[in-house]
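User: I am new to this entry and would like to learn how to read its features. Please take me through them one at a time.

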Amino acid sequence: MTQLLTPIERVVSALRRLPGIGEKTATRLAYFLLAAPDPVASDLAEAIVRLRSDVVICERCFTPSERSPCPICTDENRQGRQVCVVEEPADLASIERAGNFQGLYHVLGGTLSPLDGIGPDALRIGPLLQRVRAGEVDEVILATNPNPEGEATALFVADQLRDCEVLVTRIGFGMPLGGDLEYVDRVTVRRSLENRRAFGA
Amino acid sequence: MPEYRTAALVLRTFDHGESDRLVHLYTEKLGRVSAIAKGARRSQRRFPGTLEIFSKLEVQIVDPPRAQLMRLEGAVLVEPGEPLVQHLGRFAIASQLLEMLDRLTGEREANPELFHFSAGVLTVLCAERPDRLLALLVQLKTLARLGYRPQLVACAGCGQPVSGRDRVAFDVAHGGATCPDCASGEAPRVPASLLARLEVGIRTPLRQRGELGIPDRAVRQAERLFSRFVLFHVGLELRTADFLSQIRDLECLDGKRARGDTAPASGAAPAGAAAGSAGRA
Ligand SMILES: [Zn+2]
Ligand SMILES: [Zn+2]
């Protein structure tokens with residue numbers, strides 16, 4: 001078991017620790033890096049090292065950024081009184097890519113997951129409550145994922161905000177683009193009907 | 001290759017490799033199994049909306065020879081667990097049940113009665129306003145079915161009835177209520193009537209728990225007794241126990257107030273309107 005790994009095996013085993021990467025992909029990537037023209041591998045290695053040394057966590061929204069507060073939190077063109085609550089930084093990035101949200105964010109850093117022993121005290125909720133209680137926020141948009149853990153987390157955040165003067169909304173659920181009614185589960189179909197809107201609105 | 005069709009509850013799910021999910025199921029015919037759902041992460045059509053915790057499914061499982069894991073071939077949603085996430089108390093109680101099925105049952109030890117009991121508890125939870133007594137009784141009923149039934153009306157040491165007494169010792173190491181001869185010195189004394197009512201509670205449908213006449217103060221006392229009982233006899237700390245106690249502290253299990261009772265979506269403006277205002281702002 002403890003024999004020395006070859007350099008290729010070391011890269012494969014390191015890549016395999018990344019989410020969504022299996023043995024096959026890891027091996028393909030390792031051979032790609034081996035054969036790639038000169039700056040490709042060294043650029044990647046340096047970028048990874050700098051990722052850990054140059055990135056800080058934004059003190060307001062808790063997303064990783066090159067400075068704190070981050071460029072989103074300090075952007076004066078954004079609608080500062082709307083805060084979108086997401087589970088992870090990757091969710092923030094996904095909403096930013098969509099391009100139609102102009103408010104600010106709060107990253108919870110996870111979801112309630114009792115089966116993993118993750119309870120309310122493991123979520124980053126205090127700073128969000130502070131922002132709301134300080135009167136900085138008109139609307140909190142709960143954008144946790146529509147799975148049981150994400151739903152329970154949305155419920156928990158809403159419950160924590162119940163005594164605050166703030167509008168709490170939940171992102172809409174419905175038919176996925178390119179979806180097919182025949183293949184969509186019935187909870188999604190039901191919610192699509194509940195969340196319908198006037199045509200052309 | 002052996003193929004099974006059975007009812008199943010989804011206990012846990014994990015991402016597995018690049019496109020699959022590993023699913024822990026408690027099935028009617030096979031007991032607890034782990035199965036790979038091929039392509040479940042990649043394709044929306046393969047297992048649409050089914051592989052989430054609390055879901056009750058009809059599944060088709062194959063057991064390929066020499067393969068380590070069974071393979072989930074198909075799944076039809078019979079009862080979604082959605083109502084369980086509309087209240088944090090329900091979510092906490094249902095999660096504890098899943099954890100007990102996931103960690104306290106043997107792999108492929110079929111126990112259809114335990115399956116029907118568990119599916120029934122989830123169905124009841126979907127419609128109940130959860131309170132601390134409900135959480136306690138679900139735990140006790142489940143423990144009893146898993147073989148960890150506490151002694152509540154007869155001495156765990158010598159078997160003589162203790163329910164006629166005023167207060168009895170609750171000796172965790174012995175397995176529950178103990179008479180004065182069998183009790184160890186440090187075991188806490190509790191009202192015999194409380195233990196007797198819990199014994200009735202184990203056999204009473206959850207919906208009728210209000211008729212047991214167990215006051216809130218006694219429920220809290222029993223919670224402490226049985227958290228030590230579980231630790232001692234089950235030999236592990238349930239991950240959901242701490243969650244449940246945090247939810248209790250948030251008063252989501254006080255039964256009187258409707259805290260956390262409304263899903264945010266149904267309480268606030270319709271989602272379409274919310275999205276519209278976001279666009280205008
Ligand atoms: Zn920020
Ligand atoms: Zn005795």
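**Confidence, domains and helix packing**

Analyst: Chain B has an average pLDDT of 87, and 90% of its residues score at least 70; pLDDT is the predictor's confidence in each residue, from 0 to 100. This is a predicted model, in which local features need pLDDT of at least 70 and side-chain atom pairs count only at pLDDT 80 or more, while totals for chains, interfaces and linings use all residues. Residues are numbered from 1 along each chain as its sequence is written, and chains are lettered from A and ligands numbered from 1 in the order in which they are written. The model scores ipTM 0.85 and pTM 0.85.

User: How many Å separate the centres of domain 1 of chain B and domain 2 of chain B?

Analyst: Domain bounds come from an automatic or database domain assignment. For chain B it gives domain 1 (3–80) and domain 2 (130–249). Their centres, taken over C-alpha atoms, are 35 Å apart.

User: At what angle do helix 1 and helix 6 of chain B pack?

Analyst: Axes are lines fitted to C-alpha atoms, for helices over the stretch in contact, and angles run from 0 to 180 degrees between N-to-C directions. Helix 1 (residues 88–104) and helix 6 (residues 239–249) of chain B pack at about 165°, with axes 9 Å apart. Helix 1 of chain B is therefore roughly antiparallel to helix 6 of chain B (under 35 degrees is roughly parallel, over 145 roughly antiparallel, 65 to 115 roughly perpendicular and the rest oblique). Among the residues that meet are B:Leu88 and B:Ala92 in helix 1 of chain B, and B:Phe243 and B:Ile247 in helix 6 of chain B.

User: What is the arrangement of helix 1 and helix 2 of chain A?

Analyst: Helix 1 (residues 7–16) and helix 2 (residues 23–35) of chain A pack at an angle of about 130°, their axes 8 Å apart. Helix 1 of chain A is therefore oblique to helix 2 of chain A. The contact includes A:Val11 and A:Leu15 of helix 1 of chain A, with A:Ala26 and A:Leu33 of helix 2 of chain A.

Notes: Helices (H or I, at least four residues) and strands (E, at least two) are DSSP runs, numbered from the N terminus. Two residues are in contact if their C-beta atoms, placed from the backbone, lie within 7 Å.
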